[in-house]
Amino acid sequence: MEKNRSAKMRRPLRVKIISMGNAESGKSCIIKRYCEKRFVSKYLATIGIDYGVTKVSVKDRDVKVNIFDMAGHPIFYEVRNEFYRDSQGAILVFDIGNRVSFESLDTWVQEMRNEFGDKSESDNMVVCVCANKIDSRPRAVDEAEGRLWADSHGFHYFETSAQTGEGVTEMFQALFEGVVTTVENGGKKAPFTTQLGYTKEQIEVIQRLKNSKSDCERLGISPGATKDDINKAYRRLAVLLHPDKSVAPGSEEAFKILVSARTALLKRCS
């Protein structure tokens with residue numbers, strides 16, 4: 001029995017990986033950065049499906065990785081829908097400077113689940129979310145929001161740059177290790193554990209405080225609010241964001257904005 005198991009472990013393992021995400025989010029560039037150790041600066045849209053093979057060693061096993069880079073444009077749906085099934089892992093990519101690409105992630109996940117014949121197959125697929133182009137600014141999607149979305153779906157999250165290579169190798173290593181572990185576990189994905197320690201409400205409040213154009217909007221009150229209204233709104237938000245209690249990224253900056261907004265509004269009521 002042990003001899004047969006050892007022989008099986010020596011045989012190369014074949015796995016199938018797909019890419020998902022809107023056009024121009026950088027899927028192909030991430031794959032080329034990892035497989036070819038180079039960055040292609042000129043944008044060339046993927047037509048239908050691009051296919052590649054790479055060999056890696058994971059957990060003392062030789063792994064042959066078949067990568068199907070799927071075009072992100074809607075017109076290629078009829079082409080890419082043939083490639084979802086039998087996939088064991090996926091990179092789900094969005095551009096941090098393009099909020100639409102982030103908001104489209106739910107649509108991509110739904111498309112993936114629709115194309116799998118067996119729901120358990122899609123549930124057991126290892127998915128790494130790539131917040132790509134972190135070398136560029138300004139950001140339209142904060143890291144905290146991206147991590148929270150990935151966490152809520154049981155996906156891994158990485159901040160990546162296809163141009164500099166930051167985060168790319170780490171992402172693929174985690175993806176391959178997750179897939180190999182799933183295969184060795186009979187196709188069942190290991191339980192996903194979260195260590196974020198913050199909530200969607202906290203992230204939404206932080207974003208509102210940072211992006212609002214008026215102090216009333218920041219506190220979520222009307223222009224004619226009384227001192228009691230201002231203080232009540234302040235206390236509710238302070239409980240959520242106090243730096244001593246909140247670990248959400250951006251809490252300290254947001255709390256300072258909150259204090260400043262409350263001070264300015266109370267002066268106007270004097």
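At 79% relative accessibility, aspartate 60 counts as exposed, where exposed means over 50% relative accessible area, buried means under 20%, and partly exposed lies in between (1.4 Å probe, protein chains only). This is a predicted model, in which local features need pLDDT of at least 70 and side-chain atom pairs count only at pLDDT 80 or more, while totals for chains, interfaces and linings use all residues. Residues are numbered from 1 along each chain as its sequence is written, and side-chain values use heavy atoms, with hydrogens and water left out.

**The chain as a whole**

- The secondary structure of the protein chain comes to 12 helices and six strands, where helices (H or I, at least four residues) and strands (E, at least two) are DSSP runs numbered from the N terminus.
- Along its principal axes, the C-alpha trace of the protein chain spans about 80 × 45 × 35 Å, and 47% of the 270 residues count as buried.
- The protein chain exposes about 14,700 Å², of which carbon and sulfur atoms supply 49%; accessible areas come from the Shrake-Rupley method with a 1.4 Å probe, and for residues only the protein chains shown count as cover.
- Among contacts (heavy atoms within 4.5 Å) between residues at least 6 apart in sequence, 74% join residues at least 24 apart.

**Two residues with positive phi**

- Aspartate 60 is found in the loop between β2 (49-58) and β3 (61-70), and it has a positive phi of about 65° although it is not a glycine.
- Lysine 133 lies in the loop between β5 (126-132) and α7 (143-152), and its phi is near 70°, a positive value in a residue other than glycine.
- At 27% relative accessibility, lysine 133 counts as partly exposed.

**A buried glutamate**

- Glutamate 111 is found in helix α5 (residues 105-115), and at 13% relative accessibility it counts as buried.
- Leaving aside its neighbours within four places in sequence, glutamate 111 is in contact with Tyr77, Arg80 and Tyr84.
- The C-alpha atoms of glutamate 111 and aspartate 62, which are 49 residues apart along the chain, are separated by 31 Å.

**Helix α2 against helix α8**

- The axes of helix α2 (residues 27-36) and helix α8 (residues 168-184) come within 10 Å and cross at roughly 85°; axes are lines fitted to C-alpha atoms, for helices over the stretch in contact, and angles run from 0 to 180 degrees between N-to-C directions.
- That makes α2 roughly perpendicular to α8, since angles of 65 to 115 degrees count as roughly perpendicular, those under 35 as roughly parallel, those over 145 as roughly antiparallel and the rest as oblique.
- Ile30, Ile31, Arg33 and Tyr34 of α2 make the contact with Val168, Thr169, Met171, Phe172 and Phe176 of α8.
- The residues of this contact divide into seven nonpolar, one polar and one charged, where Ala, Val, Leu, Ile, Met, Phe, Trp, Tyr, Cys and Pro count as nonpolar, Asp, Glu, Lys and Arg as charged, and the others, Gly among them, as polar.

- For "domain: J", an unreviewed entry, UniProt lists residues 214-270.
- Over residues 214-270 the chain is 68% helix and 0% strand, with the end C-alpha atoms 18 Å apart.
- Helix α11 (residues 227-241) and helix α12 (residues 251-269) pack at an angle of about 175°, with their axes 10 Å apart, and α11 and α12 are therefore roughly antiparallel to each other.
- By class, the contact of α11 with α12 has 12 nonpolar, two polar and two charged residues.

Conventions. UniProt positions are given in the numbering used here, feature names are shortened, and annotations may be inferred rather than shown by experiment.
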